[in-house]
Amino acid sequence: MVKIAYFSVTGQVRRFVKKLDLPSFEITDFSQSDVDDSFILVVPTYEPDITYPADEFLEDYSDKCRGILGSGNRNFGDEFVYTAKDLAKKYNLPMLYSFEFNGTQEDVANVLEIITKIK
């Protein structure tokens, strides 16, 4: 099964990933063995000067990334999950799903279903 790589600033993304109950690692504290297999990246929405570790991680490992999930706040309108959208475009990866804050149980169920379809 695909692993979950994530970057979390306030803990919202970390809380969402824990709800998935899947193998995961935080990109600020990973080892080379964590990225031997394919993964899905989960990122929050912040300015690039805050989320640059996620961008740098994808520079090295985008070939193993199967898609991106974005967390954000719908109050920001068109800028909702822009970090995930920007990274997906930059690295030519699919934007798999977006959710608010640390997600709902429905978001968890939707993401788990998406993950089962990824090779």
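Start by selecting F25, F30, F39, F57 and Y61: ring pairs link them into a cluster. Keep in mind that this is a predicted model.

Zoom in on F30 and Y61. Their planes stand at 90° and their ring centres are 5.8 Å apart, so the pair is edge-to-face. F30 sits in the loop between β2 (24–26) and β3, while Y61 belongs to helix α2, and 31 residues separate them. Y61 is buried, at 12%.

Next, widen the view. The whole structure holds eight aromatic pairs. Select F16 and F99, a stacked pair with 3.9 Å centre to centre and 20° between the planes. This pair links distant parts of the chain: F16 is in helix α1 (residues 12–20) and F99 in strand β5, 83 residues apart. F16 is buried, with 0% relative accessible area. F99 is buried too, also at 0%.

Now go to K3, in strand β1 (residues 3–6). Which side chain of opposite charge is nearest to K3? It is D34, 4.3 Å away. Look at the backbone of D34 instead: its oxygen lies 3.3 Å from a polar atom of the K3 side chain. K3 also touches other residues, including P23, F25 and F39.

Finish at helix α3 (residues 82–90). Colour Y82, T83, A84, L87 and A88, which are buried. Their cover includes β3 (39–43), α2 (48–61), β4 (65–72) and β5 (95–100). After α3, find N92, with a positive phi near 55°.

How values were computed: Residues are numbered from 1 along each chain as its sequence is written. This is a predicted model: local features need pLDDT of at least 70, side-chain atom pairs count only at pLDDT 80 or more; totals for chains, interfaces and linings use all residues. Side-chain values use heavy atoms; hydrogens and water are left out. Buried means under 20% relative accessible area, exposed over 50%, partly exposed in between (1.4 Å probe, protein chains only). Helices (H or I, at least four residues) and strands (E, at least two) are DSSP runs, numbered from the N terminus. Contact means heavy atoms within 4.5 Å. Lys and Arg count as positive and Asp and Glu as negative; His and the chain ends are not counted. A salt bridge is a side-chain nitrogen of Lys or Arg within 4 Å of a carboxyl oxygen of Asp or Glu. A polar contact is a pair of N or O atoms within 3.5 Å; within protein, one must be able to donate a hydrogen and the other to accept it, and residues adjacent in sequence count only if both atoms are side-chain atoms. Rings of Phe, Tyr and Trp (its six-membered ring) pair if their centres lie within 6.5 Å; planes under 30 degrees apart count as stacked, over 60 as edge-to-face and the rest as tilted. Lists of a residue's contacts leave out its neighbours within four places in sequence.
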